[in-house]
Amino acid sequence: MAEGGPAEEGPAGEAQAEEAPAVIGATVPTGFEATAAAEVQEKLGSASRVSKDRGKIYFAVPARCLPQVHRLRSVDNLFVVVQEFKDYQFKETKEEALKDLEDLVKKLPWTDPLKVWELNNSLKKKKTKRKKHNQQSSASKEKLNDDGEEERTDQKDASEQEDCAQAAEPASGQETEETGGVESQNGGDDNEQSEAKDELHGGSGGEAGDGKKGEGDAKVLKFRVTCNRAGDKHSFTSNEAARDFGGAVQEHFQWKADMTNFDVEVLLNIHNNEVVVGIALTEESLHRRNITHFGPTTLRSTLAYGMLRLCDPQPTDIIVDPMCGTGAIPIEGAMEWPSCYHIAGDNNPQAVKRAANNICSLLKKNENKESSTSLGIPLDIIQWDICNLPLRTGSVDVIVTDMPFGKRIGSKKKNWDLYPACLMEMGRICTPGTGRAALLTQDKKCFAKALSRMGHIWRKNQTVWVNVGGLHAAVYLLKRTWERAEEKRSFW
Ligand SMILES: C[S@@+](CC[C@H](N)C(=O)[O-])C[C@H]1O[C@@H](n2cnc3c(N)ncnc32)[C@H](O)[C@@H]1O
């Protein structure tokens with residue numbers, strides 16, 4: 001049996017596995033690597049290394065810390081690192097480079113990472129059991145939408161083109177031939193968006209269910225290889241790398257390749273000369289947590305967390321999202337900073353309804369759990385116009401919002417009026433001297449112009465460049481100056 005078979009069984013084996021050192025890799029919203037590293041330091045006490053490959057951090061923890069790792073708020077996908085090569089020398093010809101990758105498989109230290117993977121699986125099984133139990137208890141789920149609009153409750157977000165961990169379904173009917181013969185799915189140009197990915201196409205096995213052969217037989221694991229490649233100096237495509245690396249994995253472990261119904265997902269991340277081999281610890285991105293009723297531009301919860309964290313919320317702070325859409329930001333805020341009071345609103349009644357439905361779903365989901373939401377969540381949602389907020393002057397500590405980019409919501413033309421009006425009204429409600437705001441937009445030109453006109457009330461402290469659904473956007477961290485804001489309305 002090749003190295004990396006099932007770990008020793010029984011309590012001794014478990015204890016050993018729990019102490020196994022794990023280097024964890026985490027994908028995070030690009031631009032928020034430092035925020036994620038700060039969260040890891042705060043919650044796990046581990047220092048992180050930010051990868052050259054933007055959007056990833058690495059940190060070391062004992063495997064027993066996996067539950068806390070899964071509770072991190074700033075990370076999307078997790079994997080355990082098998083080995084990392086900071087300066088891998090790829091051979092020049094395609095054949096030689098691919099042969100090297102194939103040969104690498106049997107040299108890699110798989111044993112400890114596979115123990116971590118097994119431990120992670122046992123945690124997942126426990127969680128699934130609890131989930132099933134809770135679902136049964138709330139089987140009589142009400143349909144909250146009463147306006148006839150079709151609801152999306154499938155946890156899929158249309159604005160997530162950048163999330164690559166579970167994308168890229170294979171072209172059906174393709175089979176893997178270790179000796180070649182599979183055409184590259186992306187025509188050899190897998191540098192597009194820096195993150196092309198392909199998977200080894202396993203000849204789909206005839207075995208159903210969990211792949212158990214029969215009583216007494218060891219389980220034959222099913223696997224797939226996912227290759228993410230970026231860089232223009234490689235002589236091979238990600239598809240070819242996944243295919244050949246996968247062939248070698250199959251031979252080494254005697255696992256069975258299966259594209260869709262796999263137990264183990266082996267990751268081959270290649271970024272210029274950096275190569276990281278890992279094993280996935282998440283099946284779907286951890287940003288899929290709070291939202292069940294999606295809108296056209298629902299923000300990922302991990303990005304919402306990053307924006308909130310930039311503002312360093314303090315207990316009793318009043319935090320406002322004046323353009324909340326489906327409520328991704330204030331809901332994340334209320335879950336993570338429950339000792340703050342969160343107020344959110346939108347001028348679109350449909351958005352307000354979705355946000356309210358999201359809160360109801362979350363409360364329902366948690367009703368059988370002993371959780372902090374048992375008394376409700378400290379969040380109110382109101383329909384309002386950002387240009388005329390029903391809030392007192394200087395009463396708000398923090399504003400975090402995702403502004404209309406002028407693409408799917410509003411228009412670039414409207415933004416020329418909307419942005420200065422927003423900054424003015426946000427400046428009025430925010431406490432002079434201590435108030436802060438984190439504002440996300442892709443309409444950077446318009447924002448810069450509006451900010452230059454409001455320089456007396458807002459000072460820019462930091463800009464974080466982020467990728468939102470493939471769009472190059474920015475989060476601006478602003479500080480409220482001491483200057484009095486213009487009082488347009490005497491009644492507040
Ligand atoms: C980019 S979306 C926010 C998406 C939100 N973060 C989410 O997760 O669903 C911008 C929101 O601003 C709202 N909006 C546009 N103009 C507004 C105005 N004058 N007052 C209040 N909200 C406005 C839109 O209805 C839209 O929901």
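A polar contact is a pair of N or O atoms within 3.5 Å, in which, within protein, one atom must be able to donate a hydrogen and the other to accept it. In this predicted model, such a contact, at 3.5 Å, joins the side chains of Thr226 and Arg224. Thr226 belongs to strand 6, which spans residues 222–230. Because its relative accessibility is 2%, under the 20% limit, Thr226 counts as buried.

Arg480 is buried yet takes part in no salt bridge, and the nearest side chain of opposite charge, that of Glu483, is 7.2 Å away. The side chain of Arg480 does, however, reach the backbone oxygen of Glu483 at 2.8 Å. A polar atom of the Arg480 side chain also lies 2.8 Å from the backbone oxygen of Gly427. When neighbours within four places in sequence are left aside, the contacts of Arg480 include Gly427, Cys430, Thr431, Pro432, Gly433, Thr434 and Gly435. Ile457, Trp458 and Ala485 are also among the residues in contact with Arg480.

Attention now turns to charged pairs. Side chains of opposite charge can pair when their charged atoms come close. Across the whole structure, 18 salt bridges are found. One of them is formed by the side chains of Glu336 and Arg73, with an N to O distance of 3.9 Å. This pair links distant parts of the chain, 263 residues apart: Glu336 is in helix 8 (residues 328–336), and Arg73 is in the loop between helix 3 (66–70) and strand 4 (77–85). Glu336 is classed as partly exposed because its relative accessibility is 25%. Arg73, with a relative accessible area of 17%, is therefore buried.

Lys115 counts as buried because its relative accessibility is 13%, while Asp112 is partly exposed because its relative accessible area is 32%. Arg243 and Asp244 provide a further example, their side chains meeting in a salt bridge at 2.8 Å, N to O. Both Arg243 and Asp244 are buried. Salt bridges that share partners also join Glu39, Lys43, Arg73 and Glu336 into one network.

The pairing of strands may be followed from strand 3 (residues 56–62), which is mostly covered, with five of its seven residues buried. Strand 1 (residues 21–27) pairs with strand 3 in the antiparallel sense over seven bridges. In this part of the structure, Thr27 stands opposite Lys56 of strand 3. Strand 2 (residues 48–50) is likewise antiparallel to strand 3, and their pairing extends over three bridges. Arg49 has Tyr58 as its bridge partner in strand 3.

The largest nonpolar core contains 55 residues, of which Phe59, Leu101, Trp110, Phe245 and Leu268 touch the most other members. Helix 6 (residues 238–253) gives the most to this core, contributing six residues. Apart from this core lies another, of 36 residues, with Phe294, Leu303, Ala355 and Phe405 among them.

Several loop positions complete the account. Leu391 is situated in the loop between strand 12 (379–383) and strand 13 (398–402). With 11% relative accessibility, Leu391 therefore counts as buried. The C-alpha atoms of Leu391 and Glu425 are separated by 9.9 Å, although these residues are 34 residues apart along the chain.

Backbone geometry is of interest in another loop. Most residues other than glycine have a negative phi. Asp312, by contrast, has a positive phi, near 50°. Asp312 is found in the loop between helix 7 (301–310) and strand 10 (318–321). A relative accessibility of 48% is the reason why Asp312 counts as partly exposed. Thr316 is likewise a residue other than glycine with a positive phi, in this case near 75°. Thr316 is also located in the loop between helix 7 and strand 10. Its relative accessible area is 64%, so Thr316 is exposed.

Key: Residues numbered from 1 in each chain as written. Predicted model: local features only at pLDDT ≥ 70, side-chain atom pairs only at ≥ 80, totals over all residues. Heavy atoms only, no water. Buried < 20%, exposed > 50% of the residue type's maximum accessible area, 1.4 Å probe, protein only. Lys, Arg positive; Asp, Glu negative; His and termini not counted. Salt bridge = Lys/Arg side-chain N within 4 Å of Asp/Glu carboxyl O. Contact = heavy atoms within 4.5 Å. Helix = DSSP H or I, 4+ residues; strand = E, 2+ residues; numbered from the N terminus. Pairing = 2+ DSSP bridges. Core = buried A, V, L, I, M, F, W, Y, C linked by side-chain atoms within 4.5 Å.
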